[in-house]
Amino acid sequence: MTRLLWWLRRDLRLNDNAALYYALMRAQHVLPVFVLDPTLLNADRLRGARMAWLFESLRAIDASLRAYGSRLIVREGSPDQVLLSLCAESGAAGVIFNRDYSPYAAQRDAAVKRAFGQRSLIAQDCADLLIHEPNAVPSKSGSPYDVYSPFRRAWEALPKPDPYTITDAMRAKLGLPAELANLHSLPIPIAEQPAPQPIGAPTEAEAQRRLAQFIAAPIYRYHERRDLMAEDGTSALSPYLRFGMISARTCYHAAQQARAAAADESARKGVDVWVSEIVWREFYYQVLARYPHSVRHNFRPAYDAVQWEDDPAHLAAWREGRTGYPVVDAAIHQLLHTGWMHNRTRMIVASFLCKDLLCDWRHGERFFMQHLLDGDVANNVGGWQWTAGTGTDAAPYFRIFNPVAQSEKFDPEGNYIRRWLPALAKLPTKFIHAPFTMSAADQRHLGVQLGRDYPLPIVDHGAQREKALRMYGAAKQAKDKA
Ligand SMILES: Cc1cc2nc3c(=O)[nH]c(=O)nc-3n(C[C@H](O)[C@H](O)[C@H](O)COP(=O)(O)OP(=O)(O)OC[C@H]3O[C@@H](n4cnc5c(N)ncnc54)[C@H](O)[C@@H]3O)c2cc1C
């Protein structure tokens, strides 16, 4: 076979990539294609930061491809139509791509397979996004898992796939044949706002550097440091995994190498806990693939009857980071400035929205999708439903985070708050977690006036906690009676 299209979607890398590997094994020439799909690009859920990050990562992979005499062919339109016409123009025998599991992706890919099948063209999809595909983790009952721990045990028991080794000699097949040198490609769009960069450049090389740096040392203390929001105790690889600048397989095997070199039991624990987070990612994909309704609906219908208050003023204060609870506001500022938020604070702000402000988790889920570089439907919905208490394997609804206690525990010196809320930078640690405990004299003395320099709390946590318990309890009772 002479030519195949390699359709890139969220696998923007030239190493350990199943679709690229099989394309290079099967064809003489492989043409890399990215389709600007209006359904995704115009979606309200793909905004500023992640869109800019995507465009920059396309520029980066285009530059990498050029080193092999190739380039990214960019087209716009409905993927089935665009890919068909590109096959006709280039003489390609078909297309290879890596599978994705969101309801939209599944429907889009089925349309491509149908259209290609009707014309006897190849449309091959490959397992790549996960270490084990959703239906590859067996359960005793045969039904999908809705609890993480048994899923993890079954997942761990499976033999792990090796990374795909793609050599430079193989990549030579990416070179465009002379007769296709003028194959039309749209310019990679420029985003209206630049991608926030504190997390690092959106490139495969940066993802590899980050992983290498993480497994060299921080991984060994991951279990001790991962919840400390002011420290860099986690890998910050999520945006890279989101766009496939690195594969979960590569991360897993790197972690196993680190484990083999670990000095003691504690260091091995660090590695194992980190791998267990990768397994959460796999778990939430399994949930997404097997229970697609959970994307927009409560996984547990018992909570459909919750009477959310959805006060627009509360929602606006939460979105703008002015609730008067510093850890919540600091986290929202981190998100708005960098496109990333620490996992501990994701849980705190999500709990605060649902259980202190009594707002439907779907408002928060949408806001996160609009701002997170790693915004990913499986993990985001999973994280939100877990925190709201409506999802698979959810924290019970009566477990309600106290934002002040969480802040004292996981940011003991208040450094995370000071970094993201400069207005509070000069507060001593005894006031940083709850500035509303300052007297008027304290405020004068410290030069920070509540209501002017930083908001007073928009709700009282204790009172809202009681309200939330009543709200969830009533919904559950109504369901139990029905
Ligand atoms: C309300 C809420 C929303 C979230 N939304 C997203 C999202 O849109 N996209 C996203 O990738 N993660 C999401 N998470 C999960 C988690 O917060 C991030 O994956 C993590 O903070 C990324 O940081 P890291 O790369 O340093 O992770 P590390 O701690 O280094 O973990 C390594 C990798 O494991 C995966 N992972 C870690 N924790 C989780 C988790 N709890 N659930 C699923 N996968 C996990 C990620 O791919 C991560 O990059 C959400 C969590 C909550 C509570």
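Predicted model: local features only at pLDDT ≥ 70, side-chain atom pairs only at ≥ 80, totals over all residues.

Residues are numbered from 1 along each chain as its sequence is written, and side-chain values use heavy atoms, with hydrogens and water left out.

**Stop 1: the domains**

Colour the chain in three pieces: domain 1 (3–129), domain 2 (204–290) and domain 3 (301–476). These bounds come from an automatic or database domain assignment.

**Stop 2**

Select Arg9 and Asp109, which form a salt bridge whose closest N and O atoms are 2.7 Å apart. (A salt bridge here is a side-chain nitrogen of Lys or Arg within 4 Å of a carboxyl oxygen of Asp or Glu.) Arg9 sits in the loop between strand S1 (3–8) and helix H1 (18–26), while Asp109 is in helix H5 (residues 103–118), so the pair ties together parts 100 residues apart in sequence. Helices (H or I, at least four residues) and strands (E, at least two) are DSSP runs, numbered from the N terminus. The structure holds 29 salt bridges.

**Stop 3: where domain 2 meets domain 3**

Now show domain 2 and domain 3, whose centres, taken over C-alpha atoms, are 26 Å apart. Their contact (heavy atoms within 4.5 Å) takes 18 residues from domain 2 and 27 residues from domain 3. Together they bury about 1,900 Å², 62% of it on carbon and sulfur atoms; buried area is the accessible area (1.4 Å probe) that two parts lose on being put together, summed over both. On the domain 2 side, pick Asp227, Met229 and Tyr284: they lose the most area to domain 3, together 40% of what that side buries.

How many salt bridges cross the interface of domain 2 and domain 3? The rule finds 1. Zoom in on Asp227 and Arg344, a salt-bridged pair with the closest N and O atoms 3.2 Å apart.

**Stop 4: the ligand**

Look at the ligand's oxygen atoms: one is 2.6 Å from an N or O atom in the side chain of Thr234. A polar backbone atom of Ala236 is 2.6 Å from a ligand oxygen. Finish at Asn379, where a polar side-chain atom lies 3.2 Å from an oxygen atom of the ligand.

Terms used
Polar contact = N/O pair within 3.5 Å; in protein donor to acceptor, adjacent residues only side chain to side chain.
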